[in-house]
Amino acid sequence: MTEKFYYDNKIVRNFAIATIVWGIIGMTVGLLVATQLFAPSMNLGNQYTTFGRIRPLHTNAVIFAFVGNAIFMGVYYSLQRLLKARMFSDVLSKIHFWGWQLIIVSAVITLPLGLSSSHEYAELEWPIDIAITLIWVVFGVNMFGTIFKRREKHMYVAIWFYIATFVTVAVLHIVNSFQLPISAFKSYYLFAGVQDALVQWWYGHNAVAFFLTTPYLGMMYYFLPKMANRPIYSYKLSILHFWSLIFIYIWAGPHHLLYTSLPGWAQSLGVAFSIMLIAPSWGGMINGLLTLRGAWDKVREDPKLKFMVVGLTAYGMATFEGPMLALKQINAIAHYTDWIVAHVHVGALGWNGFLTFGILYWLIPRIYRTDLYSKKLASFHFWIGTLGIIFYAVPLYFAGFTQGLMWKEFTEEGVLRYPNFLETLIQILPMYVLRSIGGAFYLIGVIVMTYNLIKTAATGKLLADEPAEAMPLAAVYVPVGSDKKLHRILERKPMVFMVLSLVVILIGGGIEMMPTFTIESNIPTITSVKPYSPLELQGRDVYIKEGCVNCHSQMIRPFRSETERYGEYSKAGEFVYDHPHLWGSKRTGPDLQRLGGKYSNAWHYNHLIDPQTMSPGSIMPAYEWLMEQSLDTTNTITKINAMRTLGVPYEEGYENQANNDLDVQAQGIAADLQKNNVKVKSDKEIIALIAYLQRLGTDIKAK
């Protein structure tokens, strides 16, 4: 006896709309950010649109708004049909949808205001982190509630990836959000320096793995066979690549920290597992592409399948290049350059973007019970999008190769051929122009798709509650002997599956992090390293607010080319009071680890107010508001107390004296500026930032 029920298509439609809207917004901000890198005037002359503040807005918008909503769209559509059940709760679906949109809106508001934790891909401050946790739990309850009331005994491979995504993202987000709040929108990370860097890139790398990869693999396993009308190529391959992928991926984070102050054994683990990662990654790509066997004639005619094929190919390219970049010899050249940016965008634009577009073109006509408005427009979108990826990635590969090699080039006399960092930057500015053209092409394609889908929806009518019927779970027939296969048994036990996935993903992170946190020899202390003065601590927070870490690293690697250019290489013990670390991942400007004492206070002041005057050819925006905005010292006591709680050795009671010391140091800098005909009050933010910059690297007395 079959049961009748209804699929909820309205929630799918809502997430689809959000995907498109936030996609356009996120990519438009990305295009603005791209133009700022060759036209500083595009910073628009105000503090809310500088590169440092809106680059995190772009990354958060495309990852969590565009891709995030696309994940929920695909999961809510496929999960219901794979389980033959409506979502567990319509109310939870609505809370999930609106809660997620409010989180994104909060990011749009807070990031341009400079309210940032500085952790890459996790810049949102602690109240928003809590909101993310709550909404993620809502999503999990809704998903597992649906699994429990399913009418299909076995969980299909797509659901394995959804479960692993939910569990792992929860663990990543919680651990990476260990912060001590000091005000409504300010906090300090519990970990410092090396430990904080390891946690951040354990999170950062696996956010790529379990937010940008595993849910999309799940969607690929559902939507590609549907589009091609072919079964998935290999069930056994899907089992092998699923478990190996989620086990190996979690270890690979340290490859973002090669040649840094991270302990060598952790770096080596990251390299080894990154190389192994090729196999399970390509297992998914091969399983997808071979699903199209016998259906390649459809690929020639169907734009949806074109998007899926190029998306899978981009996934294969990115997952080959990632392990290659983890090789130390290659990483030595590529790290901090635009090569990494190109690599990331091949995955983001090709894999995430194109799969999303293919799914949208397939899904919208179905839930609106009509045909796609225009196949020609969809084909145009495919080709201009592909052209956009090429124009984006290829110039940045050249830029990365060029700059990475210029940084390392010596003359026959043994001195740096390009000692001025700006020489290497000016050389690649034409590549930045081409990159922005590629981004514009890609955005045009998305706008064309939006028009096409709006016209498609207008010709049909949303089937909000799609009728379906299926046998109840108790009546589902299971063939004799099928339980002999262990994995088939596991596929019937969602809670066991979830716990096993959790155990698998905890192994790598635990083995890498626990020794780093507990064995003191991993981070040798340096007696000359002292806590920041109150003014320097406030200046560091100004540095974080302005997003300087987006363009400047504070990590000198042990290469002659870097020690000749910047000074003594960085030591782990130098960062023990850095909550958070500010090592950076890209050098659009030079490394600042040994900046202290290199230039006068007046030079720093003039450089911040008018960078092009002090450094002709610089693309850094002017920070004129820093000489106008007064430094908020009402929170100095709270900050000192918070740092002491985190282990920074400020004396008991020092917080009561901190603002006096702050004023003395600030007045000293203002007086020095006065001698150089620079008139600025000692209570301005620029004074605090100069104090911090002058402190950098001065604890180490090496040439």
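Helices (H or I, at least four residues) and strands (E, at least two) are DSSP runs, numbered from the N terminus. The model shown is predicted, and local features need pLDDT of at least 70, side-chain atom pairs count only at pLDDT 80 or more, and totals for chains, interfaces and linings use all residues. Residues are numbered from 1 along each chain as its sequence is written, and side-chain values use heavy atoms, with hydrogens and water left out.

View 1. Thr-110 counts as buried because its relative accessibility is 6% (buried means under 20% relative accessible area, exposed over 50%, partly exposed in between; 1.4 Å probe, protein chains only). Apart from neighbours within four places in sequence, Thr-110 is in contact (heavy atoms within 4.5 Å) with Leu-115, Leu-124, Ile-128 and Phe-185.

**View 2. The antiparallel strands S2 and S3.** Strand S2 (residues 179–183) and strand S3 (residues 186–189) are joined by four bridges; two strands pair if DSSP finds at least two bridges between them. A hairpin of two residues connects S2 to S3. Pro-181 stands opposite Ser-187 in S3.

**View 3. The largest pocket.** On a 1 Å grid over the protein atoms alone, a cavity is a set of points where a 1.4 Å probe fits but cannot get out, and a pocket is an open set with protein on both sides within 12 Å along at least five of seven lines; lining residues have an atom within 4 Å of a point. Grid points are joined across faces, edges and corners, and a volume is the space filled by probe spheres set on the points. The volume of the largest pocket is about 870 Å³. Of its 41 lining residues, His-552, Gly-589, Pro-590, Leu-592 and His-607 lie nearest the centre. Helix H22 (601–609) gives the most to this lining, with four residues. The lining comprises 23 nonpolar, 13 polar and five charged residues (Ala, Val, Leu, Ile, Met, Phe, Trp, Tyr, Cys and Pro count as nonpolar, Asp, Glu, Lys and Arg as charged, and the others, Gly among them, as polar).

**View 4. The second largest cavity.** Two or more lining residues come from each of H1 (10–36), H2, H3, H4 (126–148), H5 (157–176) and H6 (193–210). By class, 22 are nonpolar, three polar and two charged.
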